[in-house]
Amino acid sequence: MNLYSGNYLNVYTSHRRSRILFNGFTGAIDEVSIDLGECLKKYSQNGKPLPKKILSSMSGNTVKFLKKRGHVTTLNHENEINKFSRYVEVLNRRILEAQAKEGSLMLVPSYACNLACGYCYQNMLRDGKLSMKKVMTEKQVDFIFNNLLEQLFPKVKDKSNISVLLYGGEPFLRNNLPAINRIIAHTKKYQMKVSAISNSTQIHTMLDLFGNEVGLVNSIQASFD
């Protein structure tokens, strides 16, 4: 039976001589040796089965642990993506069946960031198809609020029960400001609560977006790196 390095596996360096495994599917975070981490990273990227020679060098308990945490799987990349898609469909259906009266909308104005933290899992996104130069437009913001909210939250009758989270990249960059301003215009109109995840290095340049008034950004999860 072939074993594959998980398609949703992210591998990062640590401050020790080790590697950190983060599985975006299962949410598992584990510390492993440099050799093992780099090996799993290599085969996660190329989609090929882990060689028998590598598997035979691991103890049975190690392989069992990696499988349990989702870092290795018997599914190839295509089948693992299909499994994830089915999981999302079931989760979405259960949420809809629960007739939720509240909703939460995460908006990413861009994936650009003014920092370069080595552990950031979005570095791979920025280096790939998602260009740092791509920024959400005001037209796209209007389309989201005017056309998509009812589709995304069919059971939410009052738009004020939808909360908005601004994320990135770093959401509060100057290039993102037109989109952010348009978002705030909509959230103030519909009296939506707004929060953000930010490195907080640029918010002093746009303080008018923040405040206790409903519709403004009134909660920030700040990261210090």
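The model is predicted, so local features are reported only at pLDDT of at least 70 and side-chain atom pairs only at pLDDT 80 or more, while totals for chains, interfaces and linings use all residues. Residues are numbered from 1 along each chain as its sequence is written, and side-chain values use heavy atoms, with hydrogens and water left out.

The secondary structure of the protein chain consists of seven helices and nine strands; helices (H or I, at least four residues) and strands (E, at least two) are DSSP runs, numbered from the N terminus. Along the principal axes, the C-alpha atoms fill a box of roughly 60 × 40 × 25 Å. Of the 225 residues in the protein chain, 36% are buried. Buried means under 20% relative accessible area, exposed over 50%, and partly exposed in between, with a 1.4 Å probe and protein chains only. The accessible surface comes to about 13,700 Å², and carbon and sulfur atoms account for 53% of this surface; accessible areas come from the Shrake-Rupley method with a 1.4 Å probe, and for residues only the protein chains shown count as cover. Among contacts with a separation of 6 or more, 67% are between residues 24 or more positions apart, where contact means heavy atoms within 4.5 Å.

Strand 3 and strand 4 pair in the antiparallel sense over four bridges; two strands pair if DSSP finds at least two bridges between them. The two strands form a hairpin with five residues between them, and G27 in the turn has a positive phi of about 80°. Within this pairing, F22 stands opposite I29 in strand 4. The covered face of strand 4 holds D30 and V32, and the uncovered face holds I29 and E31.

R19 belongs to strand 3, which spans residues 19–23. R19 counts as buried because its relative accessible area is 14%. Leaving out residues up to four places away in sequence, R19 touches V11, Y12, T13, D30, E31, V32, S33, I34, G37 and E38. The side chains of R19 and E38 are joined by a polar contact of 2.7 Å. A polar contact is a pair of N or O atoms within 3.5 Å; within protein, one must be able to donate a hydrogen and the other to accept it, and residues adjacent in sequence count only if both atoms are side-chain atoms.

H77 is found in helix 4, residues 77–97, and is classed as buried because its relative accessibility is 15%. Beyond its neighbours within four places in sequence, H77 is in contact with S5, G6, N7, Y43, S44 and G47. A polar contact of 3.3 Å links the side chains of H77 and N7, and the side chain of H77 also reaches the backbone oxygen of S44 at 3.4 Å.

The structure holds six aromatic pairs. Rings of Phe, Tyr and Trp (its six-membered ring) pair if their centres lie within 6.5 Å; planes under 30 degrees apart count as stacked, over 60 as edge-to-face and the rest as tilted. The ring centres of Y8 and F25 are 5.6 Å apart and the planes lie at 75°, so this pair is edge-to-face. Y8 lies in the loop between strand 1 and strand 2, and F25 in the loop between strand 3 and strand 4, so the pair ties together parts that are 17 residues apart in sequence. Y8 is buried, at a relative accessible area of 18%, whereas F25 is partly exposed, at 22%. The rings of F172 and F210 have centres 5.1 Å apart and planes at 55°, so the pair is tilted. F172 lies in the loop between strand 7 and helix 7, and F210 in the loop between strand 8 and strand 9, so parts 38 residues apart in sequence are tied together. Both F172 and F210 are buried. One aromatic cluster is formed by Y8, F25, F84 and Y87.

Some backbone features lie in loops. G168 and G169 are joined by a cis peptide bond with omega of about 15°, and G169 is in the loop between strand 7 and helix 7. Q191 is not a glycine but has a positive phi of about 55°; Q191 is located in the loop between helix 7 and strand 8.
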